[in-house]
Every structure is written in structure tokens, then in C-alpha cells.
Amino acid sequence: MANTNNVTELIIIGLFQDPEVQRVCFVIFLLVYLATVVGNGLIVLTVNVSKSLHSPMYFFLSYLSLVEITYSSTVVPKFITDLLAKIKTISLEGCVAQIFFFHFFGVTEIFLLTVMAYDRYVAICKPLHYTTIMSRSVCRLLVAGSWIGGFFHSMVQIIITLQLSFCGPNVIDHYFCDLHPLFKLACTDTSVEGIIVLANSGLFSIFSFLLLVSSYIVILFNLRNHSAEGRRKALSTCASHIMVVLLFFGPAIFLYMRPPSTFTEDKLVAVFYTVVTPMLNPIIYTLRNAEVKNAMRKLWGKKVNSGMG
């Protein structure tokens, strides 16, 4: 694995120590995870089956929902089962795999959110050229680029992790494997690796966030020239996107843009973006979007009727 590894298995401290609290959390987080999978799965299915949701915006939304399911699944199922375990363990290989997929899907999501902002920018600021700029092939390229970007980002994280030597303590003060808690267990000085991670995760998150915010400022500025009805529709769509962006980036920037620490608040903030946000995204998009709601009603109304018929 790495240079001199006496450690093959890691013990995870988890979120709470009280068995009673852990049992309550098991029920809550299991329900949240099921809601995440079902909610995002419904969006993927509705967009792919419905005739009325074939615009690029929904094409990207279905991929965002797919990424939400996979992103949440890298951490949450293990976290939920650990809540019922007396000793929570993970192999060193399993830990590295979790870090890889967590960052892969997380950064793919950042790229997809950026692509969705670009789509809204073209739709609102260059409406006459929208169909030529956002052609089907361009949309597919943008989605593929998001996955590739996530993959390369994650490879950097893993190359850093594989350089580390683990020879002493094997207790991770977190509820899943991430780079900062793992760095604390390394036998060697990890200050250089910490700076690389800060640049690769923290600065990347900041720049992506600033790019997204500035693109939405440009969009809102351009809306002044639209009719009241056009403004209302565009604002409704953009508001959903902005809410999702804030929910996703706020906690991530808080954790990656400062020196690593072992505060319980860090774990609670991480719970927000690993467990809660993936569940909120489908709710935000469907509640604020009449087209998605209507398509879901039509689609599931047909299913219910055909099932009864």
C-alpha cells in the first residue's frame, strides 16, 4: 500500500458515543438515506421517461440526481450500519476507496452545478442562440467532462494518500474516511500534503463557488430586460439552483478552507453535506418547478391507473 504500513485496519470513532443516541440516529439517517435514493431516483426516472422534460436543464438535473445517489451511497450506508456496531472498523484499502469515490462524486457534482449555471446563463442571456449553443452533443460533452474532472481531482487525492506511512495509532476521529482525519494517523509530517489538499479541495471549492455566484449575478442583472412573466419563471429556476449551491458549498468550504481540527462541529457540518443535502436537492428542484411536478403527476398517475385497470 504505502511505505511502511503496520496498520491494515482503522477504527472509526463515529458521530456520537451514546448507544441510545446512536439508535435514534440510525432510524433518522436510514429514513433520510431512503428519501435521498427514492427522491433522486424519481427525478432520474421522470426526466428519462417524460416527453415534456427533454430540455438541457432537465438532462443535467437527471445526472445531478444520479450523482447525488452515488455520492450519498459512498458514505451513508456504512455510516448507518456503524451506528449499530460496538466497534466500527474499516480496512485501510476500504478507507482509501471511500476517499476516492467520495471526492470523485463530490467534485463531479460541483462540475455539474457549474454546467447547470452555464445552461441558465445561455438560456437567459442568449435565448436566440440557446438551441445551437446547448445542442445535445454539447450537453453530453459537458456531462462527460464533469465526470472526467471529478475522476482527475480524486486521483490527486489518492496519489497523496498512497504516499503516507501508517505505523502507530489506527483510530480515525470521524464517522467516515476523509483526508484530514487520515493525515493525523500518518507517521510522517503531512504539512505538504495538507497544502496540496487545501489547493485541490479548498481553493477549488472557493473558485467554483465564486464562479457560480458571479454567473448568477450576471443572470439576475440580465433579467431586467425580460417581461414580468419571463422574470418570474427564470427567477424561480435560478432560486432553486442558488439554494442547492449554497447548501452544498457552505459546509464544504467551512471544512476544507481551514487547518484540520477534531471538533465535533466538523462532524456535524460533514453530516449536513454527506447526508442531508443530497436529500434536499430533489425536494428543492421539484417543489419550485411546476414542469417537473406536472410530469411526475402525469407519469405516476398513468402508472397508478394502469395498475388499477
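A residue is called buried when its relative accessible area is under 20%. The legends below describe close-up views of a predicted model.

**View A. The disulfide between Cys 95 and Cys 177.** A search of the whole structure finds 1 disulfide. In this pair, Cys 95 and Cys 177, the sulfur atoms lie 2.1 Å apart. The angle about the S-S bond is -120°, which makes the link of Cys 95 and Cys 177 left-handed. Both partners are buried: Cys 95 has a relative accessible area of 0%, and Cys 177 likewise has a relative accessibility of 0%.

View B. With a relative accessibility of 8%, Cys 25 counts as buried. Cys 139 is also buried, its relative accessible area being 0%.

**View C. Helix 2, residues 56-73.** From first C-alpha to last, this helix of 18 residues reaches 26 Å, close to the 26 Å expected at 1.5 Å a residue. Helix 2 is mostly covered, with 14 of its 18 residues buried.

**View D. A cluster of aromatic rings.** Ring pairs connect Phe 29, Tyr 71, Phe 79, Phe 102, Tyr 175, Phe 176 and Tyr 273 into a cluster. Across the whole structure, the search finds 17 aromatic pairs.

Terms used. Residues are numbered from 1 along each chain as its sequence is written. This is a predicted model: local features need pLDDT of at least 70, side-chain atom pairs count only at pLDDT 80 or more; totals for chains, interfaces and linings use all residues. Side-chain values use heavy atoms; hydrogens and water are left out. Helices (H or I, at least four residues) and strands (E, at least two) are DSSP runs, numbered from the N terminus. The expected span of a helix is 1.5 Å times one less than its number of residues. Buried means under 20% relative accessible area, exposed over 50%, partly exposed in between (1.4 Å probe, protein chains only). Rings of Phe, Tyr and Trp (its six-membered ring) pair if their centres lie within 6.5 Å; planes under 30 degrees apart count as stacked, over 60 as edge-to-face and the rest as tilted. A disulfide is a pair of cysteine sulfur atoms within 2.5 Å.
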